[in-house]
Amino acid sequence: MPVPVLRPIERRDLADVMSLCHAEGYPSYTEDPERTWQALTNPGVTTVVADWEGRVVGAAQMLSDGVIQAFLVLVLVHPDHRRGGLGRGLIEHAFARAGGSRADLLAEEGPVPFYERFAHRRKPGFRLYPEPPAE
């Protein structure tokens, strides 16, 4: 079985990444292709994909100052490609490209054991909004 190639996102990958976001229930990344493309490629943003025979089967997005601080925003792996190290590879590849000496993240309850496999320190966190989020 071929191994996915990890590489920076390209415009041709957008539909596949949006499809992965839709499958994971991330509506902010599925509403508007141009807005999503901008979010994935703005200055200070590093987005990498896992390309498996011309199809994107995973992605990771990281924000970084390039020196000290990075923030892992998004990790997506197609269900057929999970449990083989692809998620870890995406995070490591994005971190190396983005730069920084540490990365913070907010984790939903489900993937916590996955993130605990990385060298880490557990810290409390918050997600702040300019306006109260719609329920």
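By buried I mean under 20% relative accessible area, with exposed being over 50% and partly exposed in between, using a 1.4 Å probe and protein chains only. Strands here are DSSP runs of E with at least two residues, helices are runs of H or I with at least four, and both are numbered from the N terminus.

A quick word on the source. This is a predicted model, where local features need pLDDT of at least 70 and side-chain atom pairs count only at pLDDT 80 or more, while totals for chains, interfaces and linings use all residues. Residues are numbered from 1 along each chain as its sequence is written, and side-chain values use heavy atoms, with hydrogens and water left out.

So who are E3's partners? Strands count as paired if DSSP finds at least two bridges between them. On E2, residues 45-52, there are eight bridges to E3, running antiparallel, and Thr47 sits opposite Gln61. The two make a hairpin with two residues between them, and Glu53 in that turn has a positive phi of about 55 degrees. Then there's E4, residues 69-77, also antiparallel to E3, with seven bridges; here Ala60 faces Val75. That hairpin has four residues between its strands, and Gly66 in the turn has a positive phi of about 80 degrees.

Now the inside. A nonpolar core is a set of buried Ala, Val, Leu, Ile, Met, Phe, Trp, Tyr and Cys residues joined through side-chain atoms within 4.5 Å. The largest one has 16 residues, and Met62, Leu86 and Leu90 have the most contacts inside it. E2, E3, E4 and helix H3, residues 86-98, each supply at least two residues, with H3 giving the most, five. Apart from this core lies another, of 14 residues, including Tyr29, Trp37, Val56 and Leu76.

Trp37 takes us to helix H2, residues 33-41. Which of its residues are buried? Thr36, Trp37 and Leu40. They cover an arc of only 100 degrees around the axis, so they're on the same side of H2; the arc is taken from the directions from the helix axis to the C-beta atoms. As a reminder, an α-helix has 3.6 residues a turn, so residues three or four places apart point the same way. H2's buried residues pack against helix H1 (14-24), E2 and E3, where contact means heavy atoms within 4.5 Å. And that brings us back to E3, where we started.
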